[in-house]
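Hi,

Here is the structure I promised to pass on.

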Amino acid sequence: MKNLEIARIFNNIADLLEIKGDNPFKIRAYRRAALNLESIAEDLATISARGDLKEIPGIGKDLSQKIEEYLRIGSMSYYEELKREIPENLLDLMAIQGLGPKKAKLFHEALGITTIDELQEMAQSRQLQGLPGIKEKTEENILRGIAFYKQGVGRMTLGYAMAISKRVTDQLREIPGVEQIDSAGSLRRRMETIGDVDILVSSSSPYKVMDTFIHLPEVRQVLGRGTTKSSVLTQEGYQMDIRVVKQDQYGAALAYFTGSKAHNIRIREMAVRKGFKISEYGIFDEKSGDRIAGEKEEDIYRLLGIPFIPPELREDRGEIEAALKGTLPDLIQRKDIKADLHVHSRYSDGAHSIREIAEKAMKMGYEYVAITDHSQSLGIAGGVSIDILIAKIEETEKVNSELSRIRVLCGTEVDIRLDGTLDYPEDILSRLDLVIASVHSGFKRSREEQTERIVRAMRNPHVHIIGHLTGRLLGEREGYEVNLDEVLKASVETGTTLEINAYPQRLDLNDIGCRRAKELGAKVVINTDAHVLHQFDYMDIGVAVARRGWLEKEDVLNTLDVESFLKAIRKK
DNA sequence: GCCGTTTTCGGCCCGACTGTTTTCAGTCG
């Protein structure tokens, strides 16, 4: 699967063209193409074999030929040529805040710099000063940018960003004069990882908001402070920005700061064609310059004559076309969820008893909950032996007889062995209400072997759900490679459901996988994989992934009542 | 380099901030 490789090459080409000072619209074309390739779950080789590359938005005659060339011979001659002209290392320099293509080119041509270390040396010995347009301040900024870059704080998980933004907005909401407050940016779009937390506020007393913000206990360092915009670092070293606007600009500002950039560009292009101009200050009549609207975000979509587009869809991945055609999905909501089906108890590595979990599930408003502990071989996570599993079945029956408002399903998260067989015998699996099968070992297998292994597990008549399909842990390890389309086809064929694991580091299936599942007619469930009670709240994050994957209530089986659910997962 | 219910050629989003400038380039979101 070369999709991401090709996307990366297109992005690199765009960077190289920027350094060359090439046509900005051509550069944008490469970036847009890269962005679109990243969101395609189907193998480009398959699409190419079908002759459909040009159906991909942003891919025309030239780019489709370049993709075909890369698929055929594993390299792209245009890219190789560009790299001969401009050292590839220069692209690293552009990762420094405040250093773009022009300065990268200048430093390379004037001083022969190609690496960040060389640049740091030159800046420290004051050798950048004197170059055209470079004086002391710029040199200092570059050194600061390098220090920040080398500090190397990665991206936050969505779960962390949601939690800290809630704590912060809850505190700021209490300030007199604060009218509205929302998180914006990639957090509002619910991307799986977040670079910095953006918070938007409308208030009649911006000074007070800023003052409170920079003195919050979550703040370690103030990076910048103004009357309408401030930036801080959190205790963990992540950046958090706040912007305060007037109430009548709030909607336009929220749309602007939510993005994505690609979505905003498309929206503004549409606006221009209709004689409007949209900025973060409002919507204006292009001729008269009069302000038409801007207080509500809905105004923008209404004036363009399309339905409101939920933030999770705003990636320019076809949502604008769908809005125009009236085919936007009616996205699943948190309140549609009737159960959490992947929870660990004290029987394996969880912290609570079956009774405690059942009571928590009731508090969550669920109708049922499945307790799915690890299987016997997974010693490290307290895998449950067969004898103990039978005791667990009996305890579950007892809890069910005591509690009337919740149904506890006795399940397992059974390990898929290297050969695709399972870690419990069939007669034991058949006694359980719910069987999730997951891979916890052998991550180095080839894509083909891994796919075959998982598909074999799916063919087992007792397996209802495949847990966290790729095994990735965000910020820690890549998932193993697996042929998603093969798995999804097996899902439809065997009636085995795939899980969206809402554990913040997993989010696996991801948004793109969900969307592909829907396209191929595969159903999913959303589970938290909770090990302690507060982790039941991860359900919000799982629902967010589903929404980014365009899923509707009908696509997600744990929106069903318990009897319909059990019927839906039963295999023929 | 892409794209078209105004166009197959001539368009292609909008504004702020910073630092370096005598009117603007570069960078960012």
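Below is what turned up around DNA strand B and at one phenylalanine.

First, the ground rules: this is a predicted model, where local features need pLDDT of at least 70 and side-chain atom pairs count only at pLDDT 80 or more, while totals for chains, interfaces and linings use all residues. Residues are numbered from 1 along each chain as its sequence is written, chains are lettered from A and ligands numbered from 1 in the order in which they are written, and side-chain values use heavy atoms, with hydrogens and water left out.

Around DNA strand B there are 39 residues, and Arg28, Gly60, Tyr256, Glu269 and Lys277 come nearest (near means a heavy atom within 4 Å). By type, the surface splits into 16 charged (Asp, Glu, Lys, Arg), 13 nonpolar (Ala, Val, Leu, Ile, Met, Phe, Trp, Tyr, Cys, Pro) and 10 polar residues (the others, Gly among them). H14 gives the largest share, 6 residues (helices are DSSP runs of H or I, at least four residues, and strands are E, at least two, numbered from the N terminus).

With Glu269, a side-chain N or O atom is 2.7 Å from a phosphate oxygen.

Lastly, Phe276 is in strand S8. Why does Phe276 count as buried? Because its relative accessibility is 14%, and buried means under 20% (1.4 Å probe, protein chains only).

Cheers

Note on methods. Polar contact = N/O pair within 3.5 Å; in protein donor to acceptor, adjacent residues only side chain to side chain. Buried < 20%, exposed > 50% of the residue type's maximum accessible area, 1.4 Å probe, protein only.
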